[in-house]
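Please consult the sequence and the structure below while reading.

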Amino acid sequence: MKEYVFREIPRNFMLCFHNECPMRETCLRYQAGIQASQQWDWGETVFPSALKDGKCRFYRKIEEMRLAYGFGGLYHDVPWYERSKMRQWVTDYIGSVGSYYRYHKGERLLTPQQQQGILNYFTQKGYADGASFDHYVTDYNFGEHL
């Protein structure tokens, strides 16, 4: 069995500990459960009864993705008088001022879909040339990187 090392498992990510599951080798919930059980005392879990006819409705395939954080590079070509409006749009897009700072500092990671949504907005406003996020990391797809 391949051993996976996860940068961070979100606390609200449901874990699985069903050792007899036929999909455990490729299931992110099971593999994350192995690591989390060595560090955590409690967490959300998927019960073995979720497995019906060899399939689990909570199965999450292990897949890596390119995630981003840091917004400094986005505003590179944006004139200073437009930055406040652009920043407000990004803040609204990702949810709140608190979320903005978490994504900026790397406490949360932007999914490829979130990155594309933000870059599409900068393109629409004419500021996509050279716009990029400050940092990129490869991590596993835990869904929304809260």
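The sections that follow treat aromatic rings, charges over rings, the cavity and salt bridges in turn.

The model is predicted, so local features are reported only at pLDDT of at least 70 and side-chain atom pairs only at pLDDT 80 or more, whereas totals for chains, interfaces and linings use all residues. Residues are numbered from 1 along each chain as its sequence is written, and side-chain values use heavy atoms, with hydrogens and water left out.

**Aromatic rings**

Rings of Phe, Tyr and Trp (its six-membered ring) are taken as a pair if their centres lie within 6.5 Å; planes under 30 degrees apart count as stacked, over 60 as edge-to-face and the rest as tilted. The count under this rule is 14 aromatic pairs. One of them joins Y4 and F6, which is stacked because the ring centres are 6.2 Å apart and the planes lie at 10 degrees. Y100 and Y101 supply an edge-to-face pair, with 5.6 Å from centre to centre and 80 degrees between the planes.

Burial is judged by relative accessible area (buried under 20%, exposed over 50%, partly exposed in between; 1.4 Å probe, protein chains only). Both Y4 and F6 are buried.

**Charges over rings**

**The cavity**

A cavity is a set of points, on a 1 Å grid over the protein atoms alone, where a 1.4 Å probe fits but cannot get out; lining residues have an atom within 4 Å of a point. Grid points are joined across faces, edges and corners, and a volume is the space filled by probe spheres set on the points. The volume of the largest cavity is about 80 Å³. Its lining consists of 13 residues, of which C16, H18, C21, V46 and C56 are the closest to the centre. By class, the lining residues are eleven nonpolar, one polar and one charged (Ala, Val, Leu, Ile, Met, Phe, Trp, Tyr, Cys and Pro count as nonpolar, Asp, Glu, Lys and Arg as charged, and the others, Gly among them, as polar).

**Salt bridges**

Side chains of opposite charge can pair when their charged atoms come close. A salt bridge requires a side-chain nitrogen of Lys or Arg within 4 Å of a carboxyl oxygen of Asp or Glu. The structure as a whole contains three salt bridges.

| Residues | Closest N and O atoms |
|---|---|
| R24 and E25 | 4.0 Å |
| E82 and K85 | 3.3 Å |
| K105 and E107 | 3.4 Å |

R24 is partly exposed at 25% relative accessibility, as is E25 at 35%. E82 and K85 are three residues apart in helix α2 (residues 80-94), so about one helical turn separates them; helices are DSSP runs (H or I, at least four residues), numbered from the N terminus. E82 is buried at 18%, whereas K85 is partly exposed at 46%. K105 is exposed, with a relative accessible area of 55%, and E107 is partly exposed at 45%.

Note on methods: 1 Å grid on protein atoms, 1.4 Å probe; cavity = no way out; pocket = protein on both sides within 12 Å on 5 of 7 lines; lining within 4 Å. Helix = DSSP H or I, 4+ residues; strand = E, 2+ residues; numbered from the N terminus.
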